[in-house]
Amino acid sequence: MKLKDILVLPECRVLSQGNPEREISRIFCCDLLSIAMGKAPSDGVWVTVMGNRNTLAVASLTDTACIVLAEGVALDEDTLLKAAEEGIAVLSTEQPAFDIALKIYQAGLS
């Protein structure tokens with residue numbers, strides 16, 4: 001699966017596009033930054049409700065391809081600019097973390 005397959009999900013709003021051709025390895029759900037720092041997969045989709053600058057720092061450190069902010073969480077403009085600069089896609093959805101993770105999985109992530 002490629003990032004472009006996730007960017008078109010109707011449940012999500014794209015806040016930062018990243019590289020649409022980037023391969024996605026798996027999906028990871030976690031709201032504790034310390035755990036995500038050690039376990040988030042490279043080239044993964046990270047679903048979280050942690051919408052702050054530290055979330056982006058952890059995504060950059062772990063080489064996360066995409067952050068999906070669940071429950072309507074958003075990032076401030078400065079953080080979104082930094083996400084674009086670092087090539088990290090950021091999406092937002094009103095859906096709970098489990099629901100959007102399942103939809104991403106069903107869209108082709110195995």
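Visitor: What makes arginine 22 and aspartate 63 a salt bridge?

Guide: Their closest N and O atoms are 2.9 Å apart. A salt bridge is a side-chain nitrogen of Lys or Arg within 4 Å of a carboxyl oxygen of Asp or Glu. So the pair qualifies. This is a predicted model, in which local features need pLDDT of at least 70, side-chain atom pairs count only at pLDDT 80 or more, and totals for chains, interfaces and linings use all residues. Residues are numbered from 1 along each chain as its sequence is written, and side-chain values use heavy atoms, with hydrogens and water left out.

Visitor: Which parts of the chain does the pair of arginine 22 and aspartate 63 tie together?

Guide: Arginine 22 is in the loop between β1 and β2, and aspartate 63 is in the loop between α3 and β4, so the pair ties together parts 41 residues apart in sequence. Helices (H or I, at least four residues) and strands (E, at least two) are DSSP runs, numbered from the N terminus.

Visitor: Why does arginine 22 count as buried?

Guide: Its relative accessibility is 16%. Buried means under 20% relative accessible area, exposed over 50%, and partly exposed in between (1.4 Å probe, protein chains only). So arginine 22 is buried. Aspartate 63, at 37%, is partly exposed.

Visitor: What makes glutamate 77 exposed?

Guide: Glutamate 77 has 56% relative accessibility, so it counts as exposed. Glutamate 77 is found in helix α4, residues 77–86. From leucine 15 it is 62 residues away in sequence and 9.6 Å in space, C-alpha to C-alpha.

Visitor: How do you know that lysine 2 and glutamate 21 form a salt bridge?

Guide: The closest N and O atoms of lysine 2 and glutamate 21 are 3.1 Å apart, so the pair falls within the limit for a salt bridge. Lysine 2 lies in the segment before α1 (3–7), and glutamate 21 in the loop between β1 (13–16) and β2, so parts 19 residues apart in sequence are tied together. Lysine 2 is partly exposed at 26%. Glutamate 21 is partly exposed at 40%. Lys2, Lys4, Glu21 and Glu23 are linked in a network of salt bridges.

Visitor: How many salt bridges does a search of the whole structure find?

Guide: Eight. One of them joins the side chains of glutamate 11 and lysine 103, at 3.8 Å from N to O. Glutamate 11 is in the loop between α1 and β1, lysine 103 is in helix α5, and 92 residues separate them.

Visitor: What makes β2 and β3 a pair of strands?

Guide: Two strands pair if DSSP finds at least two bridges between them. Strand β2 (residues 27–29) and β3 have three bridges, in the parallel sense. So they pair. Phenylalanine 28 has tryptophan 46 in β3 as its bridge partner.

Visitor: What joins β3 to strand β4?

Guide: Four bridges join β3 to strand β4 (residues 66–69), and the two run parallel. Valine 45 stands opposite cysteine 66 in β4. The chain crosses from β3 through helix α3 (residues 53–62) to β4 in a right-handed β-α-β crossover. Right-handed means that, with the strands pointing away from the viewer, the path from the first strand over the helix to the second runs clockwise.

Visitor: How do you know that both faces of strand β3 are covered?

Guide: Val45 and Val47 on one side, and Trp46 and Thr48 on the other, are all buried. In a regular strand the side chains alternate between the two faces of the sheet.
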